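User: Could you walk me through some side-chain packing here? I'd like the cut-offs along the way.

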Amino acid sequence: MHEETSAWDDVVVAREGIPTTLICTDETVRGAVAINWMVKSLGADEWKLVLSASERKEFSGGASKASMRLTDPNFQDTGVFSLFFLPKMEDSGLYSCLIKQQERKLKERIILLAILTAMVSRVYPASRPMSAGIGSSPSRISITVVPTPPIYQQNTLRLIASVKPDVAITEITWTAPGGISMKSERKTNTGTVAKLPQVQTNDNGEYVCTVHPQGNSSNSLFAFNVTVDAPLISTATQAHTSFTLTCPGVQGDYVLLYWQPPDARKQNNMKLVYRYDRWRGSTLLTEHSKKLQLAGPPYNAEAGSFSFLLMPGLRDGGLYICDVFLNDVAFSQRTLLSVLKVKTSYSALKLELGCLYSERSQVRSAKWKHQSGRQLQHSSKGLGSISTALPLPITSDTAGNYTCTLQLKNGKTMWATLAVTLPHEESVSVTTPSLLPSLSALLLLVPLVAAAVCVLLWRQKHISDRGIEQSLSVHSGETENIYENPEDVRQAPPEGSVYMDLKPRGEDDVYKELERYEQCQS
């Protein structure tokens, strides 16, 4: 049976561990008075002494706690007999403030102390991958953390409050920032629950829990500050450069790393790619783990400080979720990563600079720019790819650094640069990678080409007497074509090929040398 509401004069609702004062005053009382504070749990028969004090001494009873004390040691002069302490859940119950003078009862005040348990928690979206055995199901988990945990966009915010003993109150209500009343429901064995699905950053602010006590006692207000964080880290990196995947800063027991490939059509295509248990010293590796390793200082996986180093290729972008578990509580950090890669290719008339990037969903724009600052025209061969073309041969106007810049939707940028250089004597090269042979290499090949032509002439039975103006082409990995326009050939020498336009030029002409060589062979 619960105590009748007439059994107390006031109700005080306090939070566990928060400084609380039970008010008891009588300004009419002066002189040699004594105060006794006693406590009785609801349903119990006996009162237990908490504290007894007079003008000569103060005595702590068996029900006293270390934090309990009178708020005013000079209570004989002020008439203030209030009790201060830091309550715990088991401290709820009836408290008696009994004022006596010469063993005569002057006044008694009964206060019902109720302890509020209030929690702010987040619920992950249904697509959120979680490990089996934690929470109610492998795909959905509620994490309750005190103090307030970070709340991410698209999470469901849960506000839960309960009071012990519940007989002390009539109801609990929740109010959102701006004084907006929230819908709430009372759940058995849980308390009063209010929910806010799919929270956004404009849901930041102070949420107030109001406890309405029985009788004429004043309402108690409790504020909780909620901050809705961005849902993830949105960033980019260059291909084949080390990138740090950040995990939550809590010192955990084990870590799980999930990966969703870039530009995935199925949003729930998550893969567990790494697991490390610092207590067992065990590691679960996958094919993707070859590009991952636990980060070193300032992190220390053996001590529970986790993060990862990733050496990504173009296709290793995407969504990474790092879950750090401490006891039965999971802390999560999500990173959406775009990977940028630049490359070169060429044809007979142009050098093409390509810019490839993954996880297109977070990319706002991509563009090529020359070091002079001029914007370049570019084309796209498909999603996640842009290219710009430079006419050959490379000139002093077209040589220089070419930068491909990605701008993400959050304003961050990432870039990669290719250097197109113009060596001495108008030989053309691109620093990364090197595309065209140097002039010295061409000069070394001239005698070899001449000897090859001589052999061809020697094998022929006769040579046409028509005027000589032809192009000799030697290709590497391509079909030979000796009918190209000499002017085009002079403009665009491809990689691995040597073009020579042979025309009579005087006494030292190479044709005369070949004729002498033929005579010698004859």
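Analyst: Happy to! Buried means under 20% relative accessible area, exposed over 50%, and partly exposed in between (1.4 Å probe, protein chains only). This is a predicted model, where local features need pLDDT of at least 70, side-chain atom pairs count only at pLDDT 80 or more, and totals for chains, interfaces and linings use all residues. Residues are numbered from 1 along each chain as its sequence is written, and side-chain values use heavy atoms, leaving out hydrogens and water.

User: How many aromatic pairs are there in the whole structure?

Analyst: Rings of Phe, Tyr and Trp (its six-membered ring) pair if their centres lie within 6.5 Å; planes under 30 degrees apart count as stacked, over 60 as edge-to-face and the rest as tilted. Searching the whole structure with that rule gives seven.

User: Which kind of pair do phenylalanine 75 and phenylalanine 81 form?

Analyst: Their centres are 5.6 Å apart, with 50° between the planes. Phenylalanine 75 is buried at 2% relative accessible area, and phenylalanine 81 is buried at 0%. By the plane angle of 50°, the pair is tilted.

User: How many residues apart in sequence are the parts tied together by phenylalanine 85 and tyrosine 95?

Analyst: These two rings form a tilted pair, 5.8 Å centre to centre with 35° between the planes. Strands are DSSP runs (E, at least two residues), numbered from the N terminus. Phenylalanine 85 lies in strand 7 (residues 83–85) and tyrosine 95 in strand 8 (residues 93–101), so the parts they tie together are separated in sequence by 10 residues.

Note on methods
Helices (H or I, at least four residues) and strands (E, at least two) are DSSP runs, numbered from the N terminus.
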